[in-house]
Amino acid sequence: MPERTFIDVILPLSIPQLLTYAVPAELRSEISIGKRVIVQMGRQRIYSAIVRRIHADEPTGYEVKNILSVLDEKPLVNEKQLLLWDWIASYYVCRPGDVMNSALPASLKLQSETKIILNPEYGHDHEKLGDKEYQLYEALLLKNSITLPEAADILRRKSAHAVVKSMIDKGVVLIEEELHERYKPRREARIQFGAIGKDEVLLKEQFEQLEKRSPKQLEMLMTYMKLLFENTDQVFVKKNELMKMPGASAAALNGLVKKNILEEFVVNIDRVVFDGTKPEPPSPLSPAQEEARKMIQEKFGEKEVALLHGVTSSGKTEIYIHLIEEQIKKGKQVLYLLPEIALTTQIISRLQKHFGDGVGVYHSRYSSNERVETWNHVLKFNATGYRKSQVVLGARSALFLPFSDLGLVIIDEEHDSSYKQADPAPRYHARDTAIMLAKFHGAKTLLGSATPSLESYYNAEQNRYGLVKLSERYGGVQMPEIIVADVKEATRKKLMKSHFTPSLLEAISSALQNKEQVILFQNRRGFSPYLECRNCNWIPHCQNCSVTLTYHKFSHQLKCHYCGYSQNPPASCAQCGDHHLEVRGFGTEKIEEDISILFPEAAIARMDLDATRTKLSFHRIITDFEERRIDILVGTQMVTKGLDFDNASTVGIINADQLLNYPDFRAFERSFQLMAQVSGRSGRKSKRGKVIIQTQQPDHWVIKDVVENNYEAFYQRDLLERRKFHYPPLSRLVEITLKHKDPDKINESSNQFASLLRKTLGNRVFGPHQPVISRIRNLWMRTILIKIEREASAGKVKELISQASEIFYAEKENHSVQVHIDVDPV
């Protein structure tokens with residue numbers, strides 16, 4: 001009897017380990033690591049899974065199921081990707097299925113859909129059916145099958161499960177699982193000459209016959225030829241373009257196709273298309289840029305990772321473009337990571353200008369089908385042939401693409417906290433994960449920032465990374481003049497207008513008079529953080545979370561920024577009944593409204609999460625600002641991240657204290673980074689820019705370092721503070737968050753979990769603590785913090801955390817408690 005073949009597969013489910021399936025003899029030749037296979041999980045559910053291992057070790061203790069089919073001709077995921085998945089699951093203490101869910105576009109993860117069908121053996125005994133059951137029965141008589149969501153809609157209920165279960169028990173209906181292919185390629189119909197049309201003699205004869213008998217078809221043929229000759233580089237005309245022309249008709253076209261004068265064919269096309277302009281060579285570098293580029297290459301000879309510390313507007317992107325060109329000449333792939341989708345809008349045009357359709361884009365604002373197309377381009381890459389998407393520009397999820405020959409990874413604005421995935425698992429940091437990805441490929445990693453993270457700068461100082469400095473702006477432009485406006489003093493002298501000091505208003509007025517643009521930064525969206533009763537100080541709170549509701553004037557709604565709950569503003573106080581509810585604090589909406597009153601002639605726009613929810617909203621706002629259709633741009637931290645505007649001369653930081661006073665050990669680092677980065681948006685091309693920082697703490701050391709643009713001084717002082725309390729980069733952190741709907745249960749469980757950890761980790765364990773926001777989406781939370789010394793084995797600590805988790809969940813009463821492990825929280 002021939003030896004049986006088994007495979008271990010990764011399912012898109014949060015389960016602790018890989019599952020083993022048997023491979024039927026007829027499918028053995030099709031199996032290889034990285035392909036998708038269709039498997040049954042449980043009694044009915046069907047999933048697509050990724051093959052991780054092929055072996056002959058038959059599991060014991062349970063009956064092994066056969067796989068149902070093999071989906072792919074070639075592996076969808078390569079060996080290097082799977083190594084990265086393994087590393088993420090191990091380092092970030094999560095399940096392989098969690099990684100698979102993050103890594104694959106939704107359209108590549110197939111999952112069966114439950115269908116309800118009538119039981120052919122049912123005897124049509126309607127008397128046993130209740131009203132709701134009969135309603136579903138009638139629907140099934142009209143339609144062969146319905147899904148569970150459709151059943152819920154028919155019954156006008158949130159869920160139809162109870163009714164369907166009752167009908168199954170009565171033998172009325174059956175359940176079947178149907179697998180759906182989610183990815184559908186975009187198809188385009190095209191028209192070209194048929195056999196007769198390609199023969200000049202025959203075509204001339206047809207012209208004469210059409211002139212006599214079919215003038216409509218002749219007109220159609222002439223229209224086709226006119227469009228064809230207008231596009232001399234093509235041998236076809238798009239059918240939809242042809243049918244838009246005057247006099248075009250489907251009957252005339254069909255007649256020409258039947259006569260074999262024209263023929264119709266269909267092709268798969270990309271959803272995202274490059275405009276087709278001829279790529280240009282990169283611009284020459286300045287002497288300072290060229291020196292930095294040579295230094296980077298020198299550091300790459302010694303280290304796997306280099307950190308480029310370049311001041312704002314020093315031309316880091318141009319250096320990246322030259323490094324990318326070097327990799328393209330070698331036939332290598334390049335991954336260029338950005339923290340914010342808004343940044344891709346500007347950078348993509350710069351890269352495509354030089355590299356054409358060799359540039360692909362991958363981020364969450366793309367549809368799942370668009371992401372699959374980029375995935376397929378990267379998968380097909382061949383240095384001697386297929387070069388679409390050889391350079392991929394994207395947000396953190398782009399590091400999961402199936403690169404086969406990566407030469408360089410660029411992580412721009414490497415300090416940005418957006419690179420860290422918060423929820424769901426895996427809670428990975430894209431910067432650190434991309435460094436591992438490059439290591440698996442034998443590639444180099446370049447980190448770039450004007451305000452590096454303390455972790456990266458510390459690694460450079462400890463000689464783990466190469467360090468390259470670029471300390472002058474491109475073109476010799478001066479760093480912006482930074483003015484600190486004392487809000488406390490201006491308030492005392494009654495000089496404040498709304499939330500603006502005289503210094504800021506004067507700077508805005510001067511910029512507008514000079515036809516220059518202004519950026520105003522306020523790191524809080526909405527109109528006002530909360531409403532408050534003037535009598536009893538009652539404040540409306542979210543019903544699901546322990547936070548106040550933010551007032552959004554544009555939609556006239558109170559909204560929770562944590563769970564999405566919204567309600568209309570109350571007409572009166574819920575506590576004392578007073579009708580006077582006043583707005584407190586201010587967000588970007590309030591700034592936008594107040595500045596429009598003070599400068600009524602100015603064109604004002606807002607860039608925050610609320611204003612950029614649609615796919616093209618980033619592009620529209622950025623293009624309008626670049627083309628000077630907007631005079632003043634109000635925004636949250638989106639406006640701080642590497643955007644390049646020629647005509648922005650003035651930047652206003654509305655409330656620096658909100659950043660400095662945040663209760664977090666990284667508050668000063670983030671404050672310095674945000675203020676320095678937003679300051680860098682001013683005066684980038686010729687004239688020196690001006691920055692106004694409004695604060696009640698004008699003598700704060702962080703603000704002084706921002707004014708002097710002294711990153712080194714800031715780094716040394718903040719590092720000293722962290723050394724006192726053993727915070728990163730001098731230690732490593734693991735944050736464990738426990739969640740439960742019962743506040744008493746969460747107290748009991750978190751204390752139990754912390755006790756289990758202390759048995760092995762001792763005084764490295766802090767907590768449990770009640771976080772600042774202790775309830776989100778009706779789940780109460782407690783956090784436990786573990787500090788690990790740099791010299792200790794982080795792997796061993798994570799192993800002990802996993803063991804404590806197993807002991808904790810061994811008790812049945814803890815099964816309802818959620819435990820989230822966050823390695824290297826930010």
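**Contacts and cores**

Modeller: Setting aside neighbours within four places in sequence, Leu 399 contacts Leu 84, Leu 335, Leu 337, Tyr 428, Ala 430, Thr 433, Ala 434 and Leu 437; contact means heavy atoms within 4.5 Å. This is a predicted model, in which local features need pLDDT of at least 70 and side-chain atom pairs count only at pLDDT 80 or more, while totals for chains, interfaces and linings use all residues. Residues are numbered from 1 along each chain as its sequence is written, and side-chain values use heavy atoms, with hydrogens and water left out.

Biologist: Which residues have the most contacts inside the largest nonpolar core?

Modeller: In soluble globular proteins, nonpolar side chains tend to be buried together. A nonpolar core is a set of buried Ala, Val, Leu, Ile, Met, Phe, Trp, Tyr and Cys residues joined through side-chain atoms within 4.5 Å. Buried means under 20% relative accessible area, exposed over 50%, and partly exposed in between (1.4 Å probe, protein chains only). Here the largest core has 110 residues, and Trp 85, Leu 335, Leu 399, Met 675, Ile 736, Leu 757 and Ile 786 have the most contacts inside it. Another core, of 29 residues, lies apart from that one and includes Leu 308, Ile 319, Leu 338 and Leu 351.

Biologist: At what angle do α3 and α5 pack?

Modeller: Two packed helices are described by the angle between their axes and the distance between the axes. Axes are lines fitted to C-alpha atoms, for helices over the stretch in contact, and angles run from 0 to 180 degrees between N-to-C directions. Helices (H or I, at least four residues) and strands (E, at least two) are DSSP runs, numbered from the N terminus. For α3 (residues 131–142) and α5 (residues 161–169), the angle is about 80° and the axes are 10 Å apart. The pair is therefore roughly perpendicular; angles under 35 degrees count as roughly parallel, over 145 as roughly antiparallel, 65 to 115 as roughly perpendicular and the rest as oblique. Lys 132, Glu 133, Leu 136 and Tyr 137 of α3 meet Val 163, Val 164, Ser 166 and Met 167 of α5.

Biologist: Which residues of α5 are buried?

Modeller: An α-helix has 3.6 residues a turn, so residues three or four places apart point the same way. In α5, the buried residues are Val 163, Val 164 and Met 167. Because they cover an arc of only 95° around the axis, they lie on the same side of α5; the arc is that of the directions from the helix axis to the C-beta atoms. On the other side of α5, His 161, Ala 162, Lys 165 and Asp 169 are exposed. Gly 171 follows α5 and has a positive phi, near 75°.

Biologist: How are α6 and α7 oriented to each other?

Modeller: Helix α6 (residues 200–213) and helix α7 (residues 215–230) pack at about 135°, with axes 6 Å apart, and are therefore oblique to each other. Leu 203, Phe 207, Leu 210, Glu 211 and Arg 213 in α6 meet Pro 215, Gln 217, Leu 218, Leu 221, Met 222 and Met 225 in α7.

Biologist: Is Ser 389 buried or exposed?

Modeller: Ser 389, in the loop between α13 (368–380) and β15 (391–394), is buried because its relative accessibility is 3%. By contrast, Asn 260, in the loop between α9 (250–258) and β11 (262–269), is partly exposed at 33%.
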